[in-house]
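Visitor: I would like a close look at a single part of this model, taken slowly and with the cut-offs spelled out.

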Amino acid sequence: MDKVEWIWFDGALVPWDKAQVHIMTHSLHYGFAAFEGMRCYAQQTGGAAIFRLHEHLKRLYNSTHMLMLEIPYNMETLSTACREVVRENNLLDGCYIR
């Protein structure tokens, strides 16, 4: 995985090396978590676009609901965060968002 400058972590953009979780984090310790992967593609007119962002986030919320996990952010906040990460890291050639 290519290192980028910024990671969205706990509601804020933080430098890559500062985005750390404790070794006893439940999802790491027990493998109990939900995730979603999204492709972001370069556009012919410039910039980049996240493919089906809303649908991916909806699926993430559905996954966490089935696991009885609560996402502490609303969908608009996560949508904005995804776009912000792409923009702040200048990932105009496209990327994969997790």
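Which elements do the buried residues of helix 2 pack against?

Guide: The buried residues of helix 2 pack against strand 3, strand 4 and helix 3, where packing rests on contacts, that is, heavy atoms within 4.5 Å. This is a predicted model, in which local features need pLDDT of at least 70, side-chain atom pairs count only at pLDDT 80 or more, and totals for chains, interfaces and linings use all residues. Residues are numbered from 1 along each chain as its sequence is written, and side-chain values use heavy atoms, with hydrogens and water left out.

On confidence, pLDDT is the predictor's own score for each residue, from 0 to 100; the chain has a mean of 95, with 100% of its residues at 70 or more. Among the elements, helix 2 has the highest mean pLDDT, 98, while helix 1 (residues 26-30) has the lowest, 89. From the N terminus on, they follow the order β-β-α-β-β-α-α-β, which comprises 3 helices and 5 strands.

Turning to the geometry, helix 2 has 14 residues and reaches 20 Å from its first C-alpha to its last, close to the 20 Å expected at 1.5 Å a residue; the expected span is 1.5 Å times one less than the number of residues. Its buried residues are Leu53, His56, Leu57, Leu60 and Thr64, with buried meaning under 20% relative accessible area, exposed over 50% and partly exposed in between, for a 1.4 Å probe and protein chains only. After helix 2 comes Met68, whose phi is positive, near 60 degrees.

Leu78, Ser79, Ala81, Cys82, Val85 and Val86 are buried in helix 3. Seen down the axis, the buried residues of helix 3 fall within an arc of 160 degrees, so they line one face of the helix. They pack against several elements, including helix 2 (53-66), strand 3 (38-42) and strand 4 (48-50).

Of its 13 residues, Met38, Ile50, Val86 and Ile97 touch the most other members. Strand 3, helix 2, helix 3 and strand 5 are the elements that give two or more residues to this core. Ile50, leaving out residues up to four places away in sequence, touches Met38, Arg39, Cys40, Cys82, Arg83, Val86 and Ile97. In soluble globular proteins, nonpolar side chains tend to be buried together.

For the chain as a whole, buried residues make up 22% of the 98 residues, and residues 24 or more positions apart account for 49% of the contacts with a separation of 6 or more.

Key:
Helices (H or I, at least four residues) and strands (E, at least two) are DSSP runs, numbered from the N terminus. The arc is that of the directions from the helix axis to the C-beta atoms. A nonpolar core is a set of buried Ala, Val, Leu, Ile, Met, Phe, Trp, Tyr and Cys residues joined through side-chain atoms within 4.5 Å.
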